[in-house]
Amino acid sequence: MIWLTWRQYRAQAWTALAALAAACAVYLPSGHRPADLYAAAGLPACADTATGCAQAQAAFAASLRADSTVTALFHLGTALLLILPALLGMFAGVPLVARELESGSFRLTWTQGVTRTRWLTVRLALVGASTLLLSGLLSLLVTRWAAPLDRAAALPGGDGESALPGRFGPPVFAAHGLAPVGWALFGLAVGVAAGLLLRRQVAAMAVVLAVLAAVQIAVPLLVRAHVAAPVRADRAVALAPDRPGVIRIEGRRLYVSVPVSAPGAWVVSVRTLTADGRPFTGPAPDVCRPDVGSLAQCREAIDALHLTQRAEYQPADRYWPFQWAETAALALLSAAVAAACTVRLRRGVPA
Amino acid sequence: MIEARDVGRRYRGGWALRGCTWEVPAGRMAGLVGPNGAGKSTLLQLTVGLLRPTEGELRVLGGPPAGPRLARIGFVGQDAPVHRSLTVAEHLRLGSRLNRTWDRAWARRRIDELGLDPHRRAARLSGGQRAQLALTLALAKRPDLLVLDEPVAALDPLARREFLDSLAQARADSGATVLMSSHLVSDLARDCDHLIVLGRGRVRAAGPLTDLLAGGRDLEAYVLEQLEEAR
C-alpha cells in the first residue's frame, strides 16, 4: 500500500521537494535582510524602551520603500502560501480517488486483498502527513524570514502607515504562522471529496479552485472577524497641522479620518459618528470648498462638528489564539470531510 | 459458492437489478449471458463487493463479499482495467503488496510465457496483452472464486481464443469456481457448465447447462428464446 501510494505520487513528491528546495534557496540566504533593515532603522530601541518609535518607524518605512527585493519577497511568500491549499487540493487531493475512478482501474485496485477502506485510509494518512510537513516547513521558512517585518508592524509609532501589511490582517494571516497548515489540509480534503463526487479530474480541479477561492475570501470577512467580539475604541476627530489625518471630499460627501492607534491589531471597521452618535457622511463645511477657505479654516470647521471616530479591532495579543483556533477548526473540518469520503466509498461506487 | 436471494440494486436512474435469485455451486464454470444493459456488470460488481445490494442478500464464499473474504475472489473488470502508467513488472509488485496470498514465482513465469516485456507500460500493451495481464493478476492471488466481466468482448478472434484457452487451463490447474459474463453465447458455450440468463434486470433462467438444455436443445436458441420472453 505504501509502495503503491509512493509510486502514484512520486511526481507530486518530487515537485513538492523541488519547490521546497527553491523556497529555501530564496529565503535562507536573504534571511538577514529584513533583520538588517529592522536594526538599521532603530526599531530595537523602540521595542526595548518605547522611545523614538515614530522616527524609527518612518526610517523603516523609507528603507522598505527603497529595498524593492524585500518587499517583493514578502509578497511572494504571502502569495505562495495563499495558493498552496488550492495547488495541494488540485494536484494531490483530486487524483487520490478520482484517478482510479476516471481510468476504471478502481476495479483492479479495490478487488485486491486490501479493502478499499484501508486503501483510502493509508493514502489519506500518507498524503495528509506529507501535506502537513510541506505546508509546515514552507510556513516556517516564510514566517521566520518575515518575523522582523511582522514585529515592526506590531510596534507603536507606525500609525497604520507602514509599507507592508501586518500579520493579523486578512492577506497575511493565512500565510504566516500555523494557519497555512490548517488551510493546506483543508485544500487537500476538498480535493479528495471533489474527486470522489465528480469522478472526473479536470472538473474536480476547477471545483477545488472555485471552492477554495470562495472560502478564503469568505472566512476573514464572515468568520474570523467574529471569533471574538472586537474591541471598540472611540476617538475624537481632532485635526491638527502636525498630526496625520485624512480629509476627502466627494461632491456632498465628506470623509474624514485620523489614524487608529492599535499597533499589531487587525482593524475590522472604522466609522465616523456625529456628536449624537449617528453615522456621519457629510456635508462638508462651506469653508472646505477649495475656492472659499484655506486648509486651516477647513480643519477648524471640521473640528467644530465634534465628530467621533469609532474603530473596531482585534488587538495584537489575540493573534496566536486566533491562529490556533483557525488551524484547529480547519484541521477538524478536514478530518470530517475525509471521514465522510471513507463512508461514501464503503457504500460502493457504481461503474 | 455464490448464493443470491432477491438481490436488487437501484441507481439514481432506477432499478438495474431486481429480485435476482440464483446460485453457482463450487467448482462450476458459470456463464452469465444477456444483452447489453441487462445488468450483467452490476451483478458481477455486487458479487465482488464493489457495490452493495440495495435489497436482498448475497453470500459469496459463506458470507457477504467484504473484508478478508475479498482476498479469495479474483476479478477481471470490463475492458481489463490496469494502471496505465505502471509497467507490467510494477503490476506484479502491486499484486504482491496488496495480497496476502500471492504466487510470485507463478506470476513471473506466466508473464514470461506470454512474452510480455516486464518494463513495458500497461498503456502500451495491446488489448489481448492487457486482458492477459489482468487475468494473471487475478489468478496469482490464488482465488477460490474468479469473476470475469466481459473479458473477451474487445479482443480479436485469435486473442479471444488464446484468452479462453488460458482461462480453461488455469481453471483445470487451480479448481477455482468461475463466473464469467458475455453478451455472446458462443464465448460461453465452449467451456461453461452452468448458465445464468439475465434480461432487463431480472434472472430469466439459471441452472446447470445439462438441465437447461435437456432434450438436446441448442444453447444459442435457448438463450434467444428466454430473452424473447423477457421482452
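In this predicted model, chain B holds an open sheet of six strands, in the order β5-β6-β7-β3-β8-β9, with mixed pairing. At the edges of the sheet stand β5 and β9 (202-208) of chain B. Each has a single partner strand, so one side of each is left without a neighbour in the sheet. From one strand to the next, the twist averages 15°.

Now look at one pair within the sheet. Strand β3 (residues 29-33) and strand β7 (residues 177-182) of chain B run in the parallel sense and share five bridges. Here B:L32 stands opposite B:S181 of β7(B).

Helices lie across these strands. α1(B) lies across β3, β6 (145-148), β7 and β8 (194-199) of chain B. Its direction is at about 155° to β7(B). α4(B) lies across β5 and β6 of chain B, at about 175° to β5(B).

α4(B) also packs against another helix. Helix α2 (residues 88-98) and helix α4 (residues 127-140) of chain B meet at an angle of about 25°, with axes 10 Å apart. An angle under 35 degrees counts as roughly parallel, and α2(B) and α4(B) are therefore roughly parallel to each other. Their crossing is right-handed. On the α2(B) side, the contact uses B:V88, B:H91 and B:G95; on the α4(B) side, B:L133, B:L137 and B:A140. By class, that contact has four nonpolar, two polar and no charged residues.

α2(B) also takes us to the other chain. 29 residues of chain B are in contact with 20 residues of chain A. α1 (40-47), β5 (73-76) and α2 of chain B each supply at least two residues of the side that touches chain A. α2(B) gives the most, with six residues. By class, this side of chain B has 14 nonpolar, seven polar and eight charged residues.

How values were computed. Residues are numbered from 1 along each chain as its sequence is written. Chains are lettered from A and ligands numbered from 1 in the order in which they are written. This is a predicted model: local features need pLDDT of at least 70, side-chain atom pairs count only at pLDDT 80 or more; totals for chains, interfaces and linings use all residues. Axes are lines fitted to C-alpha atoms, for helices over the stretch in contact, and angles run from 0 to 180 degrees between N-to-C directions. Helices (H or I, at least four residues) and strands (E, at least two) are DSSP runs, numbered from the N terminus. Angles under 35 degrees count as roughly parallel, over 145 as roughly antiparallel, 65 to 115 as roughly perpendicular and the rest as oblique. A crossing is left-handed if the near helix is turned anticlockwise from the far one by less than a right angle, and right-handed if clockwise. Two residues are in contact if their C-beta atoms, placed from the backbone, lie within 7 Å. Ala, Val, Leu, Ile, Met, Phe, Trp, Tyr, Cys and Pro count as nonpolar, Asp, Glu, Lys and Arg as charged, and the others, Gly among them, as polar. Two strands pair if DSSP finds at least two bridges between them.
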